[in-house]
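Please examine the sequence and the structure shown below. The paragraphs that follow consider the confidence of the model and then the arrangement of its helices and strands.

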Amino acid sequence: MADNAPPTTRAATRAGRNKSSRAKSGSRGRVLLIGGVIVVVIGVGAYFVLGAGKDGPTYTASESVTLTVGPTAMNTVGFPGGMVSVAISAPVMATLNAYVQSAIVDPLRKGKSNNDSLGKVFDLAALGRLSGADRAVVLDEGLPKAIGKITVTAPPVPLTGLASIGEGGASVVLISADVQLAVQAQSANGVVGVTRNGSFVLAPAADGTWKITGWTLSTERRGPGTAAGVTTTSGKAGK
Amino acid sequence: MRRHAALRLLFTIPLTGLIIAGILSAGWLVLGSPTVARGANWFSVTKVGDSEFIGAPDQPFFALVLGNDSRSLEDTGLGDAIHVVGVNPTTKQASILNVPRDTEAPGGGKINAFHSNGGLSATVEQLNRMMGIEIQYAITTNFTGFMAMVDKIGGIDIDVPPVTEGDGQWNDDNTGAFFQPGPQKFNGTQALAFARNRYDFEVTGDLSRTANQARLIIAALATLRAQNPGDTGTLKLTATLASHVTTQNLSLTEMYRLGRLGLTIDPANVKSVTIPVGSGSGSNLSVGAGASELFSDFADDAILQNH
């Protein structure tokens with residue numbers, strides 16, 4: 001009908017259609033705007049309802065540590081090679097697990113290590129070394145406190161022993177443990193990650209336990225707040 | 001029509017952005033506000049550092065490395081290859097003083113005879129008196145043990161020096177030392193021949209031989225360092241070494257720690273000097289002029305600064 005109308009009428013009709021189209025577009029925009037505002041309001045509501053106020057979200061503090069024995073080899077002076085017995089590998093692994101707890105998990109939870117716990121893991125000379133610049137490489141202190149799960153994963157740990165045979169039978173004097181530790185901890189500011197690669201050397205203590213008496217380690221950290229407290233140390237020649 | 005579409009676009013883009021921002025805000029607030037700690041970077045990886053703790057001595061010390069000519073484990077044998085090694089753990093440097101076997105000992109007679117008569121402790125005592133030092137550790141091996149050790153570690157890479165005396169060739173029938181000068185790998189038999197050969201050095205004789213023995217020690221250090229044995233590899237090497245040597249004041253654990261420490265020293269930081277000797281009584285060599293200055297230089301920090 002509009003097509004048969006005179007040109008002046010057609011122009012008026014077109015103008016009316018444009019007006020109505022603009023009005024439709026405007027109302028759609030308003031709907032979207034309102035939608036966006038609603039989403040923000042829901043978000044703010046959820047923030048307060050779910051308790052994410054000043055204390056941040058709620059996490060369950062738990063640990064997951066998987067450290068198991070890998071292939072073993074024993075080097076006995078004057079005798080062919082063998083394997084590390086369970087009688088040796090069990091207490092060695094117990095010490096390595098204690099290291100993970102006292103040098104990684106505890107400091108991540110509390111910000112620092114407990115000296116008594118470290119004394120059960122490191123021998124006196126090694127503890128003395130920890131009072132210096134090596135501390136930051138060996139212990140995860142001073143990082144954002146973990147509020148959620150701490151996960152420590154590692155491939156099975158190869159153990160290599162050094163032993164001699166005397167009148168009293170075989171005497172294992174040292175064990176080296178090659179480690180590739182990967183740590184993930186949920187902090188208030190995000191996930192903190194630590195990788196620690198190298199080896200620990202353990203020696204038997206008088207009380208029948210094994211203690212860490214040496215190490216060669218390389219440590220990297222990532223995530224919020226991990227740049228603090230960084231020290232670079234090296235006992236290696238040519239480094 | 002085109003104008004209509006343009007207008008729709010004009011509204012849609014900012015509104016979509018607003019909705020996405022709203023969703024992100026909601027997620028942000030519900031899942032935790034990712035406030036970046038002051039001074040920290042998101043997603044950065046920080047190399048905290050490397051740390052190596054061996055538990056070896058941190059003060060300068062001296063060790064005797066002695067090769068004896070015994071063909072069996074039961075005999076002590078003459079101490080024919082005598083090297084006093086000074087190590088400074090702080091500076092990661094070492095010095096080797098080579099003592100010709102015919103050198104007259106402070107207690108009288110040739111120094112090499114003290115091993116066959118009194119073992120390592122007697123030799124250590126004489127060297128302590130001679131040099132004014134206190135040797136803490138001593139180690140010795142015989143022909144068989146030496147060859148077995150070299151073979152077990154896979155040989156020694158060495159740059160054989162040219163002979164500048166006699167016919168200028170390495171061709172000693174007595175020891176089997178037939179070499180071309182230049183870089184090569186020695187097996188146990190070759191290493192022993194190189195260490196024993198003195199007949200190709202018509203003028204300097206045992207003086208050149210003892211210097212070559214120190215060259216072999218430094219080459220062994222370089223060969224082992226190149227294998228980068230670390231803690232685990234050094235445990236294996238310690239077992240190999242301990243299987244073929246006799247020691248004094250050196251437990252298996254200490255042997256490991258000293259070996260680990262030794263492997264941190266760059267061979268370029270190891271200096272080898274043969275002590276000056278002159279004619280002595282009979283076939284003995286007397287400690288020569290300049291020796292007291294050499295020993296003083298050595299004794300203060302186990303390193304030769306002025307020699």
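The term pLDDT denotes the predictor's confidence in each residue, on a scale from 0 to 100. Helices (H or I, at least four residues) and strands (E, at least two) are DSSP runs, numbered from the N terminus. This is a predicted model, in which local features need pLDDT of at least 70 and side-chain atom pairs count only at pLDDT 80 or more, while totals for chains, interfaces and linings use all residues. Residues are numbered from 1 along each chain as its sequence is written, and chains are lettered from A and ligands numbered from 1 in the order in which they are written.

The model scores ipTM 0.83 and pTM 0.80. In chain A the average pLDDT is 83, and 77% of the residues score at least 70. Among the elements of chain A, the lowest mean pLDDT, 63, belongs to helix 1 (residues 7–49), and the highest, 98, to strand 2 (residues 69–76). Chain B has a mean pLDDT of 91, with 91% of its residues reaching 70 or more, but over residues 35–42 of chain B pLDDT stays under 50. Where pLDDT is low, the predicted coordinates should not be read in detail.

In which order do the six strands of the open sheet in chain B lie? The order is 10-5-2-3-4-11, with mixed pairing; two strands pair if DSSP finds at least two bridges between them. Strand 10 (246–248) and strand 11 (270–274) of chain B stand at the edges with a single partner strand each, so one side of each has no neighbour in the sheet. Neighbouring strands of this sheet are turned by 20° against each other on average, direction ignored. Strand 5 (residues 135–141) of chain B runs antiparallel to strand 10 of chain B, and three bridges join them. Thr140(B) has Thr246(B) as its bridge partner in strand 10 of chain B.

Helix 5 (residues 206–226) of chain B lies across strand 2 (61–68), strand 3 (79–88), strand 4 (93–99) and strand 11 of chain B, and runs at about 165° to strand 11 of chain B. Such angles run from 0 to 180 degrees between N-to-C directions, and axes are lines fitted to C-alpha atoms, for helices over the stretch in contact. The axes of helix 4 of chain B and helix 5 of chain B come within 7 Å and cross at roughly 145°. Here Ala191(B), Phe194(B) and Ala195(B) of helix 4 meet Asn212(B), Gln213(B) and Leu216(B) of helix 5, where contact requires that the C-beta atoms of two residues, placed from the backbone, lie within 7 Å.

Helix 4 (residues 188–196) of chain B also packs with helix 3 (residues 143–152) of chain B, at an angle of about 130° and with the axes 7 Å apart. That angle makes helix 3 of chain B oblique to helix 4 of chain B; angles under 35 degrees count as roughly parallel, over 145 as roughly antiparallel, 65 to 115 as roughly perpendicular and the rest as oblique. Among the residues that meet here are Phe143(B) and Met147(B) in helix 3 of chain B, and Ala191(B) and Leu192(B) in helix 4 of chain B.

Helix 6 (residues 230–242) of chain B and helix 7 (residues 252–262) of chain B pack at about 120°, their axes 9 Å apart. That makes helix 6 of chain B oblique to helix 7 of chain B.
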